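Please look at the sequence and the structure as they come up.

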Amino acid sequence: MASTGLLVVSNIKQLGKSLRSIEKYVNSLYIHLNVSAPSPAPAWSRLISQLYADSGSYVGTKVDLRVLLTPLKQQQQHMKLGKTVDIIFSDAHQPELCDRLRAALNISKPTIFLEDPSNTDLQLQLPATTEATNQMAYPNVVIGGTFDRIHIGHKIFLTQAVLRAHKRLVVGVTTPAMTKNKVLPELILPYEERIKLLREFLTDIDNTLQYDIVPIDDPFGPTASDPDLQLIVVSAETLRGAHKVNELRATKELCQLDIFTIDIVESKVNDGIHESKVSSSNTRIDMLGTRWRQPEARPNLPERPYIIGLTGGIASGKSKMAERLGNMGAHVIDCDKVAHDVYEPGQACYEKIVKHFGKDILAGDGRIDRTKLGPRVFGNPQELQLLNSIVWPELMVEVNHRLANLRSGTAGPMPKIVVLEAAVLLKAGWETNCHEVWSMIVPPEEAIKRVMERNNLSEIEARNRLANQVNNADIVAKSHVIFSSQWAYGFTQLQAERAWQMLNKELDAKQHSNL
């Protein structure tokens, strides 16, 4: 399978057919528009936007599609692409053009012509509805956004800006200061990585421009101070922000920016969970229950049973997720219940706790009364740390004892997968005792609301509880699969089923390869 191809498009009406015949050969595809007489670059904006929008119906997100804009600006250009092109396809018989591209890109394989060889005179024509007012280009253009995992909506937005710039494009990329209220902000790529990927995409589609890509901590970014800017490109939903930019520039005696507005690309998923537009939020939602990152090797652990460490903050829904996984076939070890067992009289943990905290923490039956122990450690970091130093090692000794029993088969057939549910998994450093970590996250405000309702606590008490938890960002940083229960019950179930099927498929494939 060739990883990267280039499609010469001479007949836009054949695009769907062409993409469907190519998708099985490539995972990245450049589009070279075989245009007729030179026209102002912005004149092609509507056609290219439609091309991107339609491509989603043909190949979805399986193929990284990039429409080359440099040929629309310079007929005799130096082909410099970020990815090595393995093969050229053409939807019309254009051997001379294709041979020039093969030579420029150093491709040895012959061109694959997708249509009748007699079809030789096709070239793209400008749409008859192209308006002259859409054809103006500016020396300095500015745009802004999050640009998390570049999708079709981004490609249309960026393309519109690139087509309207003939010298410099300024791009503001939001930092965490501006993304904390986004959907699943913990899953947003670091802004440094987003800037890197953005620069790669932009220089790929047009290497004639100067790109100034900068992080921004406020809605205005460089528009508040750059005197050379002439045009701002925005989406319909951020048009009001563009007017605010001009209001600010007026107070600073900077020139007013012309505004070019593009329509949003509507999403085809209407489930009340995904946004109605194609967006990075939808991309992040679709990553729930999938492989977030590959597990590290754990040579210290036996291959069977395969141990998943399931964790998450307070009121995140981890116990319910453990129940779901148990219903699908996992053996669940609830570390909170194990902790209750090691607190029992006669256990080493019990003796150590009573020795330090005294018999005042005991109930009438001689057992540890957590309602008496809790106030002794809550709000006292030193005492809490000491309690944890007693309980955590003893708890893991008991967990390992139970795992050994499962491996021995004394309690029945050894399970394929064990879920170790532990709120303190990461704090205690137990992730090294698991093959991988699955985690539950919900927005902090949602967690506070749930804790208040569930535990009948005040908002201050709930926030104090949350403050003692590992935050979502740190949980995500050590997770291999991520879930979120902030939406409907059924959607969380779908996440669980997706992850369960994925893991079983991986384990079965590994077992087969070892045979």
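Which residues are exposed on the other side of α8? Before I answer, please note that this is a predicted model, in which local features need pLDDT of at least 70 and side-chain atom pairs count only at pLDDT 80 or more, while totals for chains, interfaces and linings use all residues. Residues are numbered from 1 along each chain as its sequence is written, and side-chain values use heavy atoms, with hydrogens and water left out.

Helix α8 covers residues 239-251, where helices are DSSP runs of H or I of at least four residues and strands are runs of E of at least two, numbered from the N terminus. Its buried residues, meaning those under 20% relative accessible area with a 1.4 Å probe and protein chains only, are Ala242, Val245, Asn246 and Arg249. Seen down the axis of α8, these fall within an arc of 95°, taken over the directions from the helix axis to the C-beta atoms, so they line one face of the helix. What covers them includes β9 (231-235) and β10 (258-262). The answer, then, is that Arg240 and Thr251 are exposed on the other side of α8, exposed being over 50%.

Turning to the strand, Val419 sits in β13, residues 417-421, and counts as buried because its relative accessibility is 0%. Leaving aside neighbours within four places in sequence, Val419 is in contact, that is, with heavy atoms within 4.5 Å, with Ile308, Leu310, Leu325, Ala330, His331, Val332 and Ile333.

Conventions:
The expected span of a helix is 1.5 Å times one less than its number of residues.
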